[in-house]
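Please work through the following exercises on the structure shown below. Each task is followed by a solution in steps.

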Amino acid sequence: MPEISEISDYAAAIAPVINAAHVNVHASARGAVSELAESPGLLVDLRFVLPLRPVTRAGLSTIYRYHDAAGREAGIQEQLRSGTLAEDGDGVLRATGPGLEFIRKLYEAHGAAAERIGAGQDLPRLAHLAGRVLDGAERLPGGALELVAPPYEPEGSGPGLLLFNRLAVLRYHRADAHAWAWQAEGLSAAEIVGLRDGPVRARIEAATNLRAARPYQVLTEDERQILYDGLLRLI
């Protein structure tokens with residue numbers, strides 16, 4: 001782990017490691033997932049949400065805050081046509097039986113990939129540490145984390161799968177912290193995407209790290225190092 005002087009530095013350092021560990025499982029499972037469906041679309045991103053709770057278009061606009069509305073709606077319509085999502089009269093979107101069956105098989109593919117990648121590593125401990133951080137993460141009103149947490153964790157889930165999905169959900173805590181920071185600067189989602197490096201960007205990143213660091217305070221310094229180093233070995 002790099003030299004860390006402040007907890008906010010830790011949040012900045014571990015964020016790309018979490019992203020890389022998460023993406024690595026997706027990459028490893030890509031072949032198996034492609035055999036399940038040609039275009040799984042939203043179900044992959046919402047796999048840990050839909051078995052527990054429905055979503056709304058307003059909620060999806062928060063989860064996908066950097067995506068354009070037309071593309072998001074096209075994704076919804078694709079799943080409605082395929083029968084994996086159904087829409088209530090009030091516009092609430094729910095997973096159907098086929099949608100839930102796809103997620104079950106998706107979990108199997110992700111679980112197998114996570115266990116392959118983590119062979120010989122202490123996945124149970126890493127999953128436990130990630131779970132404690134996630135439990136300590138603030139769910140900002142109107143943010144994405146309150147929509148996606150807690151993640152769906154069916155009985156019998158292996159530690160690799162638990163770690164994978166807990167990291168996936170934890171990423172939304174940092175995303176909410178980042179959104180809070182750029183909104184405080186008076187920017188829109190489109191404006192932050194195009195913002196160049198400079199004083200405003202630096203302030204936003206610093207504010208993001210301060211807020212994103214808070215749940216890591218539930219861990220001891222040694223536990224933070226174990227989490228960082230353990231995730232690094234999964235990349």
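**Salt bridges across the chain**

In this predicted model, Arg214 has a relative accessible area of 43%, so Arg214 counts as partly exposed.

**Exercise 1.** Identify the salt-bridge partner of Arg214 and state which parts of the chain the pair connects.

*Solution.* Step 1: the side chain of Arg214 meets that of Glu138 in a salt bridge, with 3.4 Å from N to O. Step 2: Glu138 belongs to the loop between helix 6 and helix 7, and Arg214 to the loop between helix 10 and helix 11, so the bridge ties together parts 76 residues apart in sequence. Step 3: Glu138, at 37% relative accessible area, is partly exposed.

**Exercise 2.** Determine whether Glu223 and Arg132, which form a salt bridge, are buried or partly exposed.

*Solution.* Step 1: the N to O distance of this pair is 2.8 Å. Step 2: Glu223 lies in helix 11 and Arg132 in helix 6, so parts 91 residues apart in sequence are tied together. Step 3: buried means under 20% relative accessible area. Glu223, at 16%, is therefore buried, whereas Arg132, at 25%, is partly exposed.

**Exercise 3.** Describe the salt bridge between Arg57 and Glu87 and the network to which the two residues belong.

*Solution.* Step 1: the closest N and O atoms of Arg57 and Glu87 are 2.7 Å apart. Step 2: Arg57 is in helix 3 and Glu87 in strand 1, so the pair links parts 30 residues apart in sequence. Step 3: Glu87 is partly exposed, at 39% relative accessible area. Step 4: through shared partners, salt bridges join Arg57, Glu73 and Glu87 into one network.

Notes. Residues numbered from 1 in each chain as written. Predicted model: local features only at pLDDT ≥ 70, side-chain atom pairs only at ≥ 80, totals over all residues. Heavy atoms only, no water. Salt bridge = Lys/Arg side-chain N within 4 Å of Asp/Glu carboxyl O. Helix = DSSP H or I, 4+ residues; strand = E, 2+ residues; numbered from the N terminus. Buried < 20%, exposed > 50% of the residue type's maximum accessible area, 1.4 Å probe, protein only.
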